Amino acid sequence: MSRSAISVFDPDRSPLPAVVHQLDFADHQSEVPVHVHRKGQLILTLHGAVTCTTGNEIWIVPPNCGVWIPGGVSHSAHATPNARLNYLFVEPGAARLPEYSCTLSVSPMIRELIDRLAREHPDYPVDSHAARLARVVLDELAEMPHEQFNFPISDHPKIRAMAEALTIEPSDRCTLNNWAKRLAMSERSLARLLTRETGLTFGRWRQQLHLIVALRELASGQTVQNVASELGYESVNAFITMFKKALGSTPAQYFKKRNAPMNST
């Protein structure tokens, strides 16, 4: 049987400012259970996709971006079977990185340097070439812009129930009024609660989930047609219109700009 990804490497055994571990999920279980470590963690996809859950948010790791999780924050993950990832672990205080979870754009140069560090032993000497590469990576990461690829889910039981139902069945097209009836609330009260708990309107909240699912499935090799159907869109064009309005380009253009493969057939 394949092993859990967290059983093969303990980043906290290294006192170095930055260490990288590469994982191929063809050799490991796709579900990574809830865990925590001292070091912060940047998750980068080389192939496929991974979805992370931290506290009250779900994150997708899209092409040319990385999800940053500070040290001490409990998190779990689910990877597609074709996923291959680089995990950059950062010692607390070693870099000017956010104290909250977020998505960072990662330049091609930094991706290559992180991939180079993945080939180094996790106990490389502090005066070595690897140590100098690590310092450049940490300095550059502090300058990388943030992206919004998260789906807020809240601790409130009614919002949590909605989120769990929609993540299981993202094609669910129930209106806010339908949801209000299911949750024994007025539509106005549910709208206020959702905005207060997530910062988003119902339409924007569900669209954010659709973007996360779409990016994950497209990166895993699903076709645009299959993803549009999975998300309940009446046509491929309607799905592409939503995607372009949210991210500024069609799915094919989005993945091409990031030099990431996508199944267009």
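In what order do the five strands of the open sheet lie? I looked this up first in the model, which is a predicted one. I read the order as β2-β7-β4-β5-β11, with antiparallel pairing. At the edges I found β2 (31-35) and β11 (150-152), each of which pairs on one side only. I noted an average twist of 15° from one strand to the next.

I then turned to one pair within the sheet. Strand β4, residues 50-54, runs antiparallel to strand β7, residues 75-79, and five bridges join them. For Thr51, I recorded His78 in β7 as the bridge partner.

My next entry concerns Glu143. I located Glu143 in the loop that lies between α2 (129-141) and β10 (146-147).

Last, I examined the nonpolar cores. The largest has 45 residues, and Phe25, Leu88 and Leu141 touch the most other members. Helix α2 supplies the largest share of this core, seven residues. I listed the contacts of Leu88, leaving out residues up to four places away in sequence; among them are Ala18, Val20, Leu42, Ile114, Val137 and Leu141. Apart from this core I found another, of 39 residues, including Phe151, Met162, Ala180 and Leu218.

Key: Residues are numbered from 1 along each chain as its sequence is written. This is a predicted model: local features need pLDDT of at least 70, side-chain atom pairs count only at pLDDT 80 or more; totals for chains, interfaces and linings use all residues. Side-chain values use heavy atoms; hydrogens and water are left out. Two strands pair if DSSP finds at least two bridges between them. Helices (H or I, at least four residues) and strands (E, at least two) are DSSP runs, numbered from the N terminus. Axes are lines fitted to C-alpha atoms, for helices over the stretch in contact, and angles run from 0 to 180 degrees between N-to-C directions. A nonpolar core is a set of buried Ala, Val, Leu, Ile, Met, Phe, Trp, Tyr and Cys residues joined through side-chain atoms within 4.5 Å. Buried means under 20% relative accessible area, exposed over 50%, partly exposed in between (1.4 Å probe, protein chains only). Contact means heavy atoms within 4.5 Å.
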